[in-house]
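Subject: Structure handover

Hello,

Here is the structure you asked about. My notes on it follow below.

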Amino acid sequence: MILRTGAELRVTGPTDRCAVVCVNGGQAQEVEGTWSATVEWLVRQLAPRLPHVGFAEVRYRVKSWKRLESCFEDARAAIHEVSAPRTLLLGFSMGGAVAVGVSDEDRVAGVVGLAPWIPDELSVAGLRGKHLSVFHGALDRWLPGIPGVSARHSRKGFDRARERGAEGRYVLIPWALHGVALRKPWGGLLQLPRAERWSELVEEELRRFAAA
């Protein structure tokens, strides 16, 4: 569906009880939004195991950290469109910043960050009294021409949120890279190392959220 901002949303499963709003990564160049391979792979794995949880994937209008406010607007529009009584935000890479940035929404119970980028200047006040879990690949890092976020960076953001009243956990995944899957040139998904471990950790968080 098209959100009021012009971004796109696709929903898997029922959202009348609880929903997971999923936000993607980005890049420096201001380009049209795409669907996240990492999020898509996780939804395919977890939706059948969690039939009472709805998954809502956001496709930004523009996926760039230079247009972060625009991405915030798209995420907020998705939360309001889904209109679940309780919402969990799942943010991959730049999506971690987006999820933290809109965590002040009343419907939001917490954030799960997958290799999240959480810039120092980003307020974490919206997470006070809420749950923040961060999962990060131990081998993740930025290299020339290869996107990435260091685990040291996400740990700094996590600790800052904890100091300001968030609860949760930080898990470093040995031998894991930046994300769970890549999109092949012909459209399929390529599973990255330790994908199943990422899936296990996210499923644990979603079950905790759904049972609360």
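Two strands are said to pair if DSSP finds at least two bridges between them. Helices (H or I, at least four residues) and strands (E, at least two) are themselves DSSP runs, numbered from the N terminus. This is a predicted model, in which local features need pLDDT of at least 70 and side-chain atom pairs count only at pLDDT 80 or more, while totals for chains, interfaces and linings use all residues. Residues are numbered from 1 along each chain as its sequence is written, and side-chain values use heavy atoms, with hydrogens and water left out.

Strand E6

Seven bridges join E6 to strand E7 (residues 167–173), and the two run parallel. His131 has Glu167 as its bridge partner in E7. E6 also pairs with strand E5 (residues 108–114), in the parallel sense, over five bridges. There, Leu114 has Phe135 of E6 as its bridge partner.

Buried here means under 20% relative accessible area, exposed over 50%, and partly exposed in between (1.4 Å probe, protein chains only). Seven of the seven residues of E6 (residues 131–137) are buried, so the strand is largely enclosed by the rest of the structure. Both of its faces are covered: His131, Ser133, Phe135 and Gly137 are buried on one side, and Leu132, Val134 and His136 on the other.

Helix H2

H2 (residues 68–82) has 15 residues. From first C-alpha to last it reaches 21 Å, close to the 21 Å expected at 1.5 Å a residue; the expected span is 1.5 Å times one less than the number of residues. Its buried residues include Leu68, Cys71, Phe72, Ile79 and Val82. The buried residues of H2 pack against strands E1 (8–12), E2 (18–23), E3 (54–59), E4 (86–92) and E5, and against helix H3 (94–101). Just after H2, Ser83 takes a positive phi of about 55 degrees.

Glu203

Glu203 is found in helix H5 (residues 195–211). Its relative accessibility is 14%, so Glu203 counts as buried. Leaving aside neighbours within four places in sequence, Glu203 is in contact (heavy atoms within 4.5 Å) with Leu46 and Arg49.

Leu177

Which loop holds Leu177? Leu177 is found in the loop between E7 and strand E8 (181–183). At 32% relative accessibility, Leu177 counts as partly exposed.

Regards
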